[in-house]
Amino acid sequence: RCAPRRLAPRAAVQRMEDFHGCPIIEGTKESDAHVLYQSNFRVIVTYAMALKDLEVQVKRALLKKGCLVVEKDKDGGDGGTFDVTTPKNSRIHVSMRLCGLVHDQAITQLMYSRDF
C-alpha cells in the first residue's frame, strides 16, 4: 500500500497594484477582483459588479493617480475603450466590457494593455 503523496503548496501569484501607472482597483466583498492574466504588456481582471460601476471606479482611480484620458470610446462600444497617458508618459489602452451574468450578478472585465 502506498503512502499518500504530499504536494508542495503552490506559490501565490504576486498581484499587481498598478499597471505601468494605471491602478488596478480592489474589489469589495461583493465585487471580488480576480486577476485572470498578468504580464508586462497586459493585465486582465474580472469583477462581480455592474459595468457602469466598474467604469466609474476605474475612471476615479485613474484621475487620482494623475492619468489623463487621451481618446474616449475608440470602438464606440459599451463600457468604454479608451487610451490614457500616465504621469510617466506611458500610453495605456483601457478596455472594460460585460462578460455575462452568474446568478443575476454581472461579471465585468477590465483590461489594461500597452504596445510592445
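Me: Thr108, buried or exposed?
Reply: Thr108 counts as buried, because its relative accessibility is 0%. Buried means under 20% relative accessible area, with a 1.4 Å probe and protein chains only. This is a predicted model, where local features need pLDDT of at least 70 and side-chain atom pairs count only at pLDDT 80 or more, while totals for chains, interfaces and linings use all residues. Residues are numbered from 1 along each chain as its sequence is written, and side-chain values use heavy atoms, leaving out hydrogens and water.

Me: Which strand is Thr108 in?
Reply: Thr108 belongs to strand β8, residues 105-113. Strands are DSSP runs of E, at least two residues, numbered from the N terminus.

Me: What does the side chain of Thr108 reach?
Reply: The backbone oxygen of Met49, at 3.2 Å.

Me: And which residues is Thr108 in contact with, leaving aside neighbours within four places in sequence?
Reply: Among them are Val45, Thr46, Tyr47, Leu54 and Cys99. Contact means heavy atoms within 4.5 Å.

Me: Switching to β4. Why is β4 largely enclosed?
Reply: Five of the six residues in strand β4 (residues 42-47) are buried, so the rest of the structure largely encloses it.

Me: How many bridges join β4 to β8?
Reply: Six, and the two strands run antiparallel. Thr46 is opposite Gln109 in β8. Pairing requires at least two DSSP bridges between two strands.

Me: What about β3 and β4?
Reply: Strand β3 (residues 33-38) pairs with β4 in the antiparallel sense, over five bridges. A hairpin of three residues joins β3 to β4, and His34 is opposite Thr46.

Key: Helices (H or I, at least four residues) and strands (E, at least two) are DSSP runs, numbered from the N terminus. Buried means under 20% relative accessible area, exposed over 50%, partly exposed in between (1.4 Å probe, protein chains only). A polar contact is a pair of N or O atoms within 3.5 Å; within protein, one must be able to donate a hydrogen and the other to accept it, and residues adjacent in sequence count only if both atoms are side-chain atoms.
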